Amino acid sequence: IYLAMPSINSNQSSPVSSQEHSQASTIMDKEAQETITPPPSSSSAQPSATSPHHHHDNLLLPTELQNSILVAYRSIGIGTFGVVMRFVGMPLEKIALFMNSSQVTGKHQFAQSIKLTFQKGVLSPYKVVGPASLVAWFMQYSVMGLAFQFFDHALSKALGVAPVYYGDELMEPPPPPSSNTNHNHDATHQIKSITKTILAPILAGSLESTVANRAEVQRYYGPTKLTAIESHLKWNPAARFCGPAFLSNAMRNVIMCNTSFILTPITYKLYYPQERKSQGSLFWFGMGMNFVGNAVAITQQALWGRALDYAVYADGGAVVGATSGAATANTVTTATTQVARNISYSQVIKSSLQKDGIAAFFTVPKWASRILMNAPVQGSLPWFYNNVLPLGEDSVLGVARTLYGDDGKKNNCAIS
């Protein structure tokens with residue numbers, strides 16, 4: 001993380017400084033003009049909340065309004081992208097869900113998962129997708145993008161460091177090494193940058209799980225069974241809203257948020273050969289980084305599934321496998337013998353390792369199922385976020401500028 005942190009844009013002059021420089025150069029005598037040094041500007045001491053794309057310069061919109069419009073546009077775009085991709089890939093999600101549950105055991109687990117996924121027909125995975133799932137997916141991905149941008153920009157502004165590289169910046173050469181000879185200043189700046197880089201994905205991933213975890217658990221248990229579990233445990237409203245196994249779900253999302261919004265753009269910007277940078281190479285680079293991120297995230301996905309299995313057990317201590325709404329009816333058929341209990345992660349990890357060893361949390365089939373489920377949307381997310389979304393920013397800002405200008409004219413007419 002330390003090596004990959006972006007350095008502060010201390011060499012960039014602010015738009016105000018450039019304007020003053022231009023005005024000064026036009027009024028000075030050409031023969032006397034040798035060197036013009038623009039006066040220092042306070043705005044150049046702190047990085048902007050948005051990426052310094054050239055096509056955003058000299059806009060008539062106030063800076064805060066412009067930033068808010070871009071954040072909203074990117075969040076809506078990511079949310080829509082996530083809904084489409086997750087719906088198309090629903091069979092892959094069901095395969096991954098079965099792979100990380102107790103419903104498949106022994107050999108040929110991947111084949112068992114495929115059989116369970118399509119046992120009611122080729123289109124059966126899509127039949128469990130309702131309006132609640134579409135809303136949850138949109139909120140999950142839009143909140144992930146919105147939350148990361150918000151926390152990244154807010155922490156960058158508070159700590160006086162640059163936000164993560166975005167859009168056209170990824171195609172530019174890496175910044176030159178800092179020429180600052182003040183080592184204490186450099187060390188302080190790096191500590192602030194590292195702190196911001198660690199905190200932003202943690203906060204964003206936790207917020208994403210707050211929005212999405214309960215919907216995921218509902219698709220795993222089925223609505224009726226989840227309601228029965230919550231009723232038995234007498235959870236408070238906050239716990240019900242977050243859902244069971246929240247911690248492992250949040251850890252998984254933090255890992256993937258780091259992969260998509262931190263590791264992918266920073267490593268591509270700083271270490272990918274400059275002559276090979278393109279939209280295509282960014283797409284495949286993001287896909288490859290997704291494979292690496294999922295190798296870690298799959299451990300938390302498996303912990304999530306096993307924790308949900310642990311939460312429901314039968315009298316006598318025999319574990320009862322969670323019932324998926326896609327495979328069986330959403331009814332608690334063994335309500336008289338089933339008991340719900342709060343999740344103890346230490347017990348889940350201990351019992352899982354005793355029974356299956358490291359294979360409880362990582363096997364090649366588990367990793368492959370997670371890759372199949374997650375790679376299409378998560379792997380292409382950095383490419384979509386950094387190459388597709390910026391294409392519409394000028395149009396969005398143009399519409400906003402027009403509306404803002406029309407509103408200003410109305411206000412002026414009202415005043416006159």
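This report describes selected helices, contacts and aromatic pairs of one predicted model.

## Basis of the description

Because the model is predicted, local features need pLDDT of at least 70 and side-chain atom pairs count only at pLDDT 80 or more, while totals for chains, interfaces and linings use all residues. Residues are numbered from 1 along each chain as its sequence is written, and side-chain values use heavy atoms, with hydrogens and water left out.

## Gly77 and helix H2

Gly77 belongs to helix H2, residues 63-88; helices (H or I, at least four residues) are DSSP runs numbered from the N terminus. The relative accessible area of Gly77 is 14%, so this residue is buried (buried means under 20% relative accessible area, exposed over 50%, partly exposed in between, with a 1.4 Å probe and protein chains only).

Beyond residues up to four places away in sequence, Gly77 touches Phe384 and Leu389, where contact means heavy atoms within 4.5 Å. A distance of 7.5 Å separates the C-alpha atoms of Gly77 and Ser142, which are 65 residues apart along the chain.

## Helix H6 around Gln149

Helix H6 (residues 131-159) contains Gln149. With 1% relative accessibility, Gln149 counts as buried. The side chains of Gln149 and Arg74 are joined by a polar contact of 3.3 Å; such a contact is a pair of N or O atoms within 3.5 Å, and within protein one must be able to donate a hydrogen and the other to accept it, while residues adjacent in sequence count only if both atoms are side-chain atoms.

Apart from neighbours within four places in sequence, the contacts of Gln149 are Leu70, Val71, Arg74, Ser75 and Tyr385.

## Helix H14

Six of the eight residues of helix H14 (residues 381-388) are buried, so that the helix is mostly covered. The buried residues are Leu381, Pro382, Phe384, Tyr385, Asn386 and Asn387. Among them, Phe384 is touched by Gly77, and Tyr385 is in contact with Gln149.

## Aromatic pairs

Ten aromatic pairs are found in the whole structure. Rings of Phe, Tyr and Trp (its six-membered ring) pair if their centres lie within 6.5 Å; planes under 30 degrees apart count as stacked, over 60 as edge-to-face and the rest as tilted. Phe148 and Phe261 form a stacked pair, with 4.9 Å centre to centre and 20° between the planes. Phe148 lies in helix H6 and Phe261 in helix H10 (residues 246-271), so the pair ties together parts that are 113 residues apart in sequence.

Phe148 and Phe261 are both buried. Together with Tyr385, Phe148 and Phe261 form one aromatic cluster.

Note on methods:
Helix = DSSP H or I, 4+ residues; strand = E, 2+ residues; numbered from the N terminus.
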